[in-house]
Amino acid sequence: MYGAQSESELRGDYRRAAIDFTVDQAEHVYATADHALWRRLYARQSDLVGTHACREFREALAAMRCADAVPQLARINPALQVASGWALVAVPGFIPDAAFFAHLAARRFPVTVWLRKPEEFDYLVEPDLFHDFFGHVPMLFHRRFADYMQRFGELGLQAIAQDALPLVARLYWYTVEFGLIDGDEGLRCYGAGILSSGGETRYALESPQPQRLRYVRDRVMRTRYRIDAYQKTYFVLRTLDELLESVADDLRPALARLRALPEFSDDVCAADDVALPQPHTRNAA
């Protein structure tokens, strides 16, 4: 969910996609260079995971054992099904919002089949296989987070019906992609956009530049975001349970109410925000 794009602008081969935009990953051939690039990407990010990722992410990533080659989704699915009732499905790249939400609501996570090029090692705008798999899949092994993702799919379909998609896009962005948690280990990352980025993994926890605010669902849904730079604001959970609890009720009244309220820019600190101390003033974990 990085924003709507037309299919003509998308990277990926959509010619063999099914009606739900899934493809057969086995038909996508990964060259020796792709496996080598995967190992480089994996090595860089896994070095950061031990000190920057939350425990749930670290433990699942280690159990997946996917450091040596581009992973086959079919190999991961049996363990994921046992852990949380989810399955991974291959897609050519970006898919329409309605299809994306429908997959999530059915406990299926779409994973892009193509891998970035070596010259895109440090940055690319459109999520690739590494972002989708390394960044997202470990957290799907955590059942409460996986339940949140299913609920989010249902919420997304409601938002489309209410013409409130930007509100839900912001919630996804600031939790699933760029979420932080301040638990018993101290401040850690759980968002896929952070944990698949070498630069932002450090920046999100260590830099004094961004503000880190306590997670409040309605505040998040009113906050604009940027896709072309590190975030100016991160929203911080106390526990992962907060996510599911915050969307457990019928959100249709909230969506209708929030649509009528002004938005926040991505760098503002409102009067009732709770800001966490900057990294250099925080107690050691």
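**Exercise 1. Helix α7**

Task: List the buried residues of α7.

Solution. Leu 167, Val 168, Ala 169, Arg 170, Leu 171, Tyr 172, Trp 173, Tyr 174, Thr 175, Val 176 and Glu 177 are the buried residues of α7. The model is predicted. Now place the list in its helix. Helix α7 runs over residues 165-177. Of its 13 residues, 11 are buried, so the helix is mostly covered.

**Exercise 2. The chain as a whole**

Task: Describe the fold in numbers: how many helices and strands does the chain have?

Solution. Start with the elements. There are 12 helices and six strands. Next, take the radius of gyration. It is 18 Å, close to the 19 Å that the globule rule gives for 285 residues, so the chain is as compact as a globular protein of that length. Along the principal axes, the C-alpha trace spans about 55 × 45 × 35 Å. Then turn to burial. Of the 285 residues, 54% count as buried. The accessible surface comes to about 12600 Å², and carbon and sulfur atoms hold 52% of it. Last, check the contacts. Among those with a separation of 6 or more, 70% come from residues 24 or more positions apart.

**Exercise 3. Salt bridges across the sequence**

Task: Which residue forms a salt bridge with Glu 120, and which parts of the chain does the pair tie together?

Solution. The structure holds 20 salt bridges. In one of them, Glu 120 pairs with Arg 11, and their closest N and O atoms are 2.8 Å apart. Glu 120 lies in the loop between β2 and α5, and Arg 11 in the segment before α1, so the pair ties together parts that are 109 residues apart in sequence. Now classify each partner. Glu 120 has 16% relative accessibility, so it counts as buried. Arg 11 has 27%, so it counts as partly exposed.

Task: Where do the partners of the Arg 226 and Asp 266 salt bridge lie?

Solution. The side chains of Arg 226 and Asp 266 meet at 2.6 Å, N to O. Arg 226 is in the loop between α10 and β6, while Asp 266 is in the segment after α12, 40 residues apart. Arg 226 is partly exposed at 25% relative accessible area. Asp 266 is buried at 9% relative accessibility.

Task: Name the members of a salt-bridge network.

Solution. Arg 55, Arg 58, Asp 184 and Glu 185 are linked in such a network.

**Exercise 4. Positive phi**

Task: What is phi of Phe 21, and what is phi of Arg 107?

Solution. Recall the background. Most residues other than glycine have a negative phi. Phi of Phe 21 is near 75°, a positive value. Phi of Arg 107 is positive too, at about 60°. Locate them next. Phe 21 sits in the segment before α1 (32-52). Arg 107 sits in the loop between α4 (97-105) and β2. Finally, apply the cut-off: buried means under 20% relative accessible area. Phe 21 has 19%, so it is buried. Arg 107 has 13%, so it is buried.

**Exercise 5. A strand residue and a surface patch**

Task: Which backbone nitrogen does the side chain of Asp 182 reach?

Solution. Find Asp 182 in strand β3 (residues 180-183). It is buried, with a relative accessible area of 18%. Its side chain reaches the backbone nitrogen of Leu 187 at 3.3 Å.

Task: Which residues form a nonpolar patch on the surface?

Solution. Tyr 123, Val 125 and Ile 227 form the patch. Together they have about 270 Å² of accessible area. Tyr 123 lies in the loop between β2 (108-112) and α5 (129-140). Its relative accessible area is 45%, so Tyr 123 is partly exposed.

Key: Residues numbered from 1 in each chain as written. Predicted model: local features only at pLDDT ≥ 70, side-chain atom pairs only at ≥ 80, totals over all residues. Heavy atoms only, no water. Patch = residues over 30% accessible without salt bridge, like charges linked within 9 Å, V, L, I, M, F, W, Y side chains within 5 Å. Areas by Shrake-Rupley, 256 points an atom, 1.4 Å probe, with all protein chains shown as cover. Salt bridge = Lys/Arg side-chain N within 4 Å of Asp/Glu carboxyl O. Helix = DSSP H or I, 4+ residues; strand = E, 2+ residues; numbered from the N terminus. Buried < 20%, exposed > 50% of the residue type's maximum accessible area, 1.4 Å probe, protein only. Polar contact = N/O pair within 3.5 Å; in protein donor to acceptor, adjacent residues only side chain to side chain. Rg over C-alpha atoms; globule rule 2.2 N^0.38 Å. Contact = heavy atoms within 4.5 Å.
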